[in-house]
Amino acid sequence: MTRNTDKMPVVSLRAIEPEDLELLYRIENDVRLWNIGTTNVPYSRYVLHDYVANSSGDIYTDRQVRLMIENEQGEVVGIVDIINFDPQHLRAEVGIVIENRYRNRGYASSALRRIAEYSLSILHLHQLYAWVDVENKASLNLFTKAGYTIVAKINDWLYDGKQFHDAAVMQIIL
């Protein structure tokens, strides 16, 4: 593993292991995250255990890949997902969650860089995209810093249970 020249922390990406179940359970059931993603129902440990046990790890079979983000100390700091994989058009959606206690340390930026490298060199994707609430300035800045650009704005796309929010479609050509 080589250190990034711009002083971002070094992270590694790895497959989900059974010992990640509690973190996965915590993230998937954090209602504060439901407003920024597409999940809006709780997941049981059983369902998540079944997902971890039965996921093939093959993006062509599952149309997604979920990777754990680890820092240099081997601590899991978050999760990055490639979902909605489209093998015909060589694109996929990316989503990322960093645990609260590890936020604002550069881990998300490093993980987005690593997932872009992986997507290009291993998966041979042409592009990645993300849906971001236009009011979520931290995520907009994160993706912009990672080289994504806003290519569209969709009105009233996200609903938080009380009001609708506009979404920005952010894209990076790899």
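Reader: Of the contacts in this protein with a separation of 6 or more, what share comes from residues 24 or more positions apart?
Author: That share is 55%. Contact here means heavy atoms within 4.5 Å.

Reader: And what kind of model is it?
Author: It's a predicted model, where local features need pLDDT of at least 70, side-chain atom pairs count only at pLDDT 80 or more, and totals for chains, interfaces and linings use all residues. Residues are numbered from 1 along each chain as its sequence is written, and side-chain values use heavy atoms, with hydrogens and water left out.

Reader: What's the mean pLDDT, then?
Author: The protein averages 87, and 82% of its residues reach 70 or more. pLDDT is the predictor's confidence in each residue, from 0 to 100.

Reader: Where is confidence lowest, and where highest?
Author: Helix H2 (residues 31–34) has the lowest, with a mean of 60, while helix H5 (residues 107–121) has the highest, at 97. Also, residues 1–5 stay under 50, and the model gives them twelve contacts beyond four places in sequence.

Reader: OK, the fold. How many helices and strands?
Author: Six helices and seven strands. Both are DSSP runs numbered from the N terminus: helices are H or I with at least four residues, strands are E with at least two. Along the sequence the pattern reads β-α-α-α-α-β-β-β-α-β-α-β-β.

Reader: How much of it counts as buried?
Author: 44% of the 174 residues. Buried means under 20% relative accessible area, exposed over 50%, and partly exposed in between, with a 1.4 Å probe and protein chains only.

Reader: Take H1. Which of its residues are buried?
Author: In helix H1 (residues 21–28), they are Leu 21, Leu 23, Leu 24, Ile 27 and Glu 28. They span an arc of only 160° around the axis, which puts them on the same side of H1. The arc is taken from the directions from the helix axis to the C-beta atoms.

Reader: Why would residues three or four places apart point the same way?
Author: Because an α-helix has 3.6 residues a turn.

Reader: Switching to aromatics. How many pairs are there?
Author: Four aromatic pairs. Rings of Phe, Tyr and Trp (its six-membered ring) pair if their centres lie within 6.5 Å; planes under 30 degrees apart count as stacked, over 60 as edge-to-face and the rest as tilted. One of the pairs is Tyr 102 with Tyr 107: the centres are 6.1 Å apart and the planes at 75°, so this one is edge-to-face. Tyr 102 is buried at 7% relative accessibility, and Tyr 107 is buried at 9%.

Reader: What about Trp 131 and Trp 157, stacked or edge-to-face?
Author: Stacked, because their ring centres are 5.1 Å apart and the planes sit at 10°. Trp 131 is in strand S5 (residues 127–133) and Trp 157 in strand S6 (residues 149–159), so the pair ties together parts 26 residues apart in sequence. Trp 131 is partly exposed at 29%, and Trp 157 is partly exposed at 46%.

Reader: Which residues does Asp 166 contact, beyond its neighbours within four places in sequence?
Author: Asp 166, in strand S7 (residues 164–173), touches several residues, including Val 132, Lys 153, Asp 156 and Trp 157. A polar atom of the Asp 166 side chain also lies 2.9 Å from the backbone nitrogen of Asp 156.

Reader: Back to H5. Where does the side chain of Ser 119 reach?
Author: A polar atom of that side chain lies 2.7 Å from the backbone oxygen of Ile 115. Ser 119 is in helix H5 and is buried, with a relative accessible area of 0%. Beyond four places in sequence, its contacts include Ile 82, His 124 and Leu 174.

Reader: Last one: what is phi for Arg 63?
Author: Near 65°, a positive value in a residue other than glycine. Arg 63 is in the loop between helix H4 (59–62) and strand S2 (65–70). Asn 104 also has phi near 65°; that residue lies in the loop between strand S4 (91–98) and H5 and is exposed at 83%. Most residues other than glycine have a negative phi.

Methods
Polar contact = N/O pair within 3.5 Å; in protein donor to acceptor, adjacent residues only side chain to side chain.
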